[in-house]
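Visitor: I should like to learn how to read the features of a protein model. May we go through them one at a time, the general idea before the case at hand?

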Amino acid sequence: MSAVLALLRPQQWLKNAFVLMGLIFGHGWTDSELVFGVGLGFVAFCLASSAIYALNDYHDCAADAAHPTKRHRPIASGQVGLPTARALIAVLAGAALGLPLACGQWPVALAVAAYLLLNIAYTLRLKHKVLVDVFCIAAGFMLRLACGTYAVGITPSRWMLLCSFMLTLFLGFAKRRAEIVALPGGALAMQGSTRIVLRHYSPQLLDNLVAITAGASLLTYGLYSVDPETAALHGTAHFVLTLPIVTFGVFRYLHLLYNGGSGEEPGRDLLADNQIRIAVAAWAVVVLLLVGT
């Protein structure tokens with residue numbers, strides 16, 4: 001069971017918090033119907049993302065078996081057999097689609113279906129296409145956001161949509177840079193890497209892309225924080241006070257990326273660093289104080 005649990009990667013479910021953003025920023029937590037729809041979407045995306053992780057490990061099991069660290073993954077190491085993996089993928093994907101359909105939430109099911117189709121294409125082909133791979137990752141997050149907003153009747157801020165898009169690109173390009181830096185042997189190691197797309201990136205290109213998307217993330221968040229619609233929604237014109245905290249969090253992540261060897265697992269890194277955890281807590285406290293006054 002521990003091997004099956006490792007295959008599902010529940011620690012990655014943190015990424016599905018994007019489904020909850022519309023409920024939080026749209027002040028929808030007092031509407032039980034919205035809470036139910038968004039909660040259903042969150043559970044469905046957890047099931048769908050685990051199905052995709054299992055599919056990825058199933059598809060790459062031969063390459064993973066030759067990798068120094070990935071060879072310990074459940075399928076590559078033989079702890080989970082191929083028939084078991086196929087059954088898990090089918091059950092998880094079926095449950096991800098069946099749960100919202102059974103509850104009459106067909107827009108949520110549509111968002112989950114689009115996510116599954118996108119990531120099947122990503123696993124089989126698109127992850128080997130330079131730039132397309134990271135845009136697919138960002139699209140997956142935007143589908144999560146769409147599930148938690150449009151699918152349940154919440155209209156998100158245009159600046160929040162842009163900020164989310166740029167932030168996911170930033171994390172995706174940072175992940176690719178960390179993967180390249182972690183390879184011993186530089187360019188020769190990139191040519192022999194099991195992640196084929198790394199052969200088409202360079203640290204210099206990724207440095208530029210990380211800088212552009214980090215700056216765009218902060219700019220769009222800043223525009224969201226001073227947008228009159230944001231002030232009207234939250235009942236305060238001082239939401240811009242959260243901008244310094246968000247800026248520190250992004251800068252801290254850049255520091256970890258360039259000096260701390262982080263970036264390969266954004267979810268793990270965000271949870272592991274004390275200063276980022278403090279920044280997230282401070283942001284939440286400031287938001288609660290602003291919204292509550």
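Predicted model: local features only at pLDDT ≥ 70, side-chain atom pairs only at ≥ 80, totals over all residues.

Visitor: With which residue does Asp 57 form a salt bridge?

Guide: Side chains of opposite charge can pair when their charged atoms come close. The rule applied here asks for a side-chain nitrogen of Lys or Arg within 4 Å of a carboxyl oxygen of Asp or Glu. Asp 57 pairs in this way with Arg 73, and their closest N and O atoms are 3.3 Å apart. The two residues link distant parts of the chain, 16 residues apart: Asp 57 belongs to helix α3 (residues 32-59), and Arg 73 to the loop between α4 (61-65) and α5 (82-102). Helices here are DSSP runs (H or I, at least four residues), numbered from the N terminus. Arg 73 has a relative accessible area of 22% and is therefore partly exposed.

Visitor: How many salt bridges does the rule count?

Guide: The count comes to ten. One of them joins Lys 127 to Asp 60, with the closest N and O atoms 2.4 Å apart. This pair spans 67 residues of sequence, from Asp 60 in the loop between α3 and α4 to Lys 127 in the loop between α6 and α7. Both partners are buried. Asp 207 forms a salt bridge with Arg 177, at 2.5 Å between the closest N and O atoms. Here helix α10 (residues 203-226), which holds Asp 207, is linked to helix α8 (residues 158-182), which holds Arg 177. Asp 207 is partly exposed, with a relative accessible area of 26%, whereas Arg 177 is buried at 13%.

Visitor: Into which domains is the protein divided?

Guide: Domain bounds come from an automatic or database domain assignment. In this case they give domain 1 (1-155) and domain 2 (157-292). The C-alpha centres of the two domains lie 21 Å apart. Counting contact as heavy atoms within 4.5 Å, 26 residues of domain 1 touch 26 residues of domain 2.

Visitor: What area is buried between domain 1 and domain 2?

Guide: The size of an interface is often given as the accessible area lost when the parts come together. The buried area is what the two parts lose on being put together (1.4 Å probe), summed over both. Between domain 1 and domain 2 it is about 2,300 Å², and carbon and sulfur atoms give 72% of that. Phe 25, His 27 and Val 134 supply 24% of the area that domain 1 buries against domain 2, more than any other three residues.

Visitor: How many salt bridges are there between domain 1 and domain 2?

Guide: The count is one. Asp 133 forms a salt bridge with Arg 176, with 2.6 Å between the closest N and O atoms. On the side of domain 1 that touches domain 2, the elements giving two or more residues are α2 and α7. Of these, α7 gives the most, with eight residues.

Visitor: How might one check the length of helix α12?

Guide: The expected span of a helix is 1.5 Å times one less than its number of residues. Helix α12 (residues 243-259) has 17 residues and should therefore span 24 Å; its end C-alpha atoms are 24 Å apart, which agrees. Among the buried residues of α12 are Ile 245, Gly 249, Tyr 253 and Leu 256.

Note on methods. Residues numbered from 1 in each chain as written. Heavy atoms only, no water. Buried < 20%, exposed > 50% of the residue type's maximum accessible area, 1.4 Å probe, protein only.
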